[in-house]
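Here is a friendly walk through one model, meant to be read with the structure open beside it. Please take a look before reading on.

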Amino acid sequence: MSGFRTLDDVDVKGKRVLLRVDLNVPMDNGRVSDTTRLQRIAKTIIELSKAGGKVIILAHFGRPKGPDPKDSLRPVATALGYVVKHHVDFAPDCVGDIAETAVAAMKDGEILCLENTRFHAGEEKNDPAFVAQLAKLGDIWVNDAFSCAHRAHASTEGLGRVLPGYAGRTMEAELDALGKALEQPVHPVIAIVGGSKVSTKIDLLENLVTKVDALVIGGGMANTFLHAQGVDVGNSLCEKDLAATALRILVKANSTNCAIILPVDAVVAEKFEANAPSHAYGLDAIPANGMILDVGPQSIKRIDAAIDDAATLVWNGPLGAFEISPFDRGTVQAAKYAAARTRDGKLVSVAGGGDTVAALNHAGVGRDFTYVSTAGGAFLEWMEGKPLPGVEVLRVR
């Protein structure tokens, strides 16, 4: 983390700290139904409060087109208070007289949550006038929302241009884990990339083949690569119009000495439904009316062997239709194997992306990986090698 400013670089006592966090939590009947994200940011909030900072929380919620009660952060602020075991005040606006009065009344160590930043159009436009309104409320800016760092919005990037900016502890942990995964990894490095479509991960694959020693391609996207190599994939999901793209990625991988690991067999069913009759086939025997829904047993052995050879693993996307049994088997077995290697101290494992987190939790190993990122788009763009505005603004210049 030597390249970024962190909380180790600032004394917050008596300072108004504008803390950007991610409060996009699931709700059920007006109550927070999963506090995972709140628990992750609690460390930063508690540290700033105990150090005597005036903690002013900034966040968005949902995609409102203006002020909307259903997207208010008030119930989230209440839930956050229970998580951090400290009263969290709430202001029904994030700028203007209401916010300024609430901030002016704060004492050292107090915590205040401001209303949804997206209630104002200036947030997503990164409008300098709106940035200035926010900046009036604080002395320093702390970004603890890696999941929003790919967006150059007022509270996620603009504030870092007008106030001293620092990475919060959640952001710091994320950047440290991602750095160990791809920027300064211990080799050999293996990446597992799954999911349904190649079209959503072209940039990701083209970046990874220049960074890793081996790349496992699974999920529906593997079918496109198999089709490009002349395999008949039957009725399987396949982007046949991207065959040339798949071949280009394979050629690039060859030029960078990145081994591509594709399925050598597959679990096939005629229907995409739970417990549909299925069978494992070699690639030369996929039925014309069959759909590939998971990697086969020989493919799993190859993936486990590749994990054995690796010191670092980066994972994004499931290997099959993990949401329905029995097509979760490949993802679950590979996840458990990687988790065991991690527990044994033989593997640094970093995973991220919504489906990936769900798949690892489904396998019961979400806590066994070295680091699991809850960021979606930001994690993907980082793996694609793209600069993230909310991170770049924290770099030491």
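The sections below cover the sheets, the helix packing, one arginine and a few backbone details.

## Ground rules

This is a predicted model, in which local features need pLDDT of at least 70 and side-chain atom pairs count only at pLDDT 80 or more, while totals for chains, interfaces and linings use all residues. Residues are numbered from 1 along each chain as its sequence is written, and side-chain values use heavy atoms, with hydrogens and water left out.

Helices (H or I, at least four residues) and strands (E, at least two) are DSSP runs, numbered from the N terminus.

## The six-stranded sheet

Let's begin with an open sheet of six strands, ordered S11-S10-S9-S15-S16-S17 and paired in parallel; two strands pair if DSSP finds at least two bridges between them. Strand S11 (259-261) and strand S17 (371-373) form the edges, each pairing on one side only. Ignoring direction, neighbouring strands are turned by 15 degrees against each other on average; axes are lines fitted to C-alpha atoms, for helices over the stretch in contact, and angles run from 0 to 180 degrees between N-to-C directions.

The pairings can be followed strand by strand. Strand S10 (residues 214-217) joins S11 in the parallel sense through three bridges, with leucine 215 partnered by isoleucine 260 in S11. S9 and S15 are parallel and share five bridges, one of which links valine 189 to threonine 312 in S15. S15 then runs parallel to strand S16 (residues 348-352), and four bridges join them; here valine 314 has valine 350 of S16 as its bridge partner.

## A covered strand and a helix across the sheet

How many residues of strand S15 (residues 312-316) are buried? Five of its five are, where buried means under 20% relative accessible area, exposed over 50%, and partly exposed in between (1.4 Å probe, protein chains only). In a regular strand the side chains alternate between the two faces of the sheet. In S15, Thr312, Val314 and Asn316 are buried on one side, and Leu313 and Trp315 are buried on the other.

Helix H10 (residues 297-309) lies across strand S9 (189-193), S10 and S11, and runs at about 145 degrees to S9.

Strand S12 (residues 265-269) runs antiparallel to S14, with four bridges joining them, and valine 267 stands opposite aspartate 294 in S14.

## Two helix pairs

Two packed helices are described by the angle between their axes and the distance between the axes. Helix H1 (residues 36-50) packs on helix H2 (residues 74-84) at about 70 degrees, and their axes are 10 Å apart. H1 is therefore roughly perpendicular to H2; angles under 35 degrees count as roughly parallel, over 145 as roughly antiparallel, 65 to 115 as roughly perpendicular and the rest as oblique. In contact (heavy atoms within 4.5 Å), Leu38, Gln39, Ile41, Ala42, Ile45 and Ile46 of H1 meet Val76, Ala79, Leu80, Val83 and Val84 of H2. By class, this contact has 10 nonpolar, one polar and no charged residues; Ala, Val, Leu, Ile, Met, Phe, Trp, Tyr, Cys and Pro count as nonpolar, Asp, Glu, Lys and Arg as charged, and the others, Gly among them, as polar.

Helix H8 (residues 219-228) and helix H9 (residues 243-255) have axes 8 Å apart and pack at about 85 degrees, so H8 and H9 are roughly perpendicular to each other. Thr224, Phe225, His227 and Ala228 of H8 meet Ala243, Ala246, Leu247, Ile249 and Leu250 of H9. That contact divides into seven nonpolar, two polar and no charged residues.

## Arginine 341

Is arginine 341 buried or exposed? Arginine 341 counts as buried because its relative accessible area is 15%. Arginine 341 belongs to helix H11 (residues 329-343), and, leaving aside residues up to four places away in sequence, touches Ile307, Asp308, Lys346 and Leu347.

## Backbone details

Most residues other than glycine have a negative phi, and most peptide bonds are trans. The bond from histidine 187 to proline 188 is cis, with omega near 0 degrees, and proline 188 sits in the loop between helix H6 (169-183) and S9. The bond from serine 325 to proline 326 is also cis, with omega near 5 degrees; proline 326 lies in the loop between S15 and H11.

Asparagine 126 has a positive phi near 55 degrees and is buried at 19% relative accessibility. Asparagine 275, in the loop between S12 and S13, has a positive phi of about 60 degrees and is exposed, with a relative accessible area of 59%.
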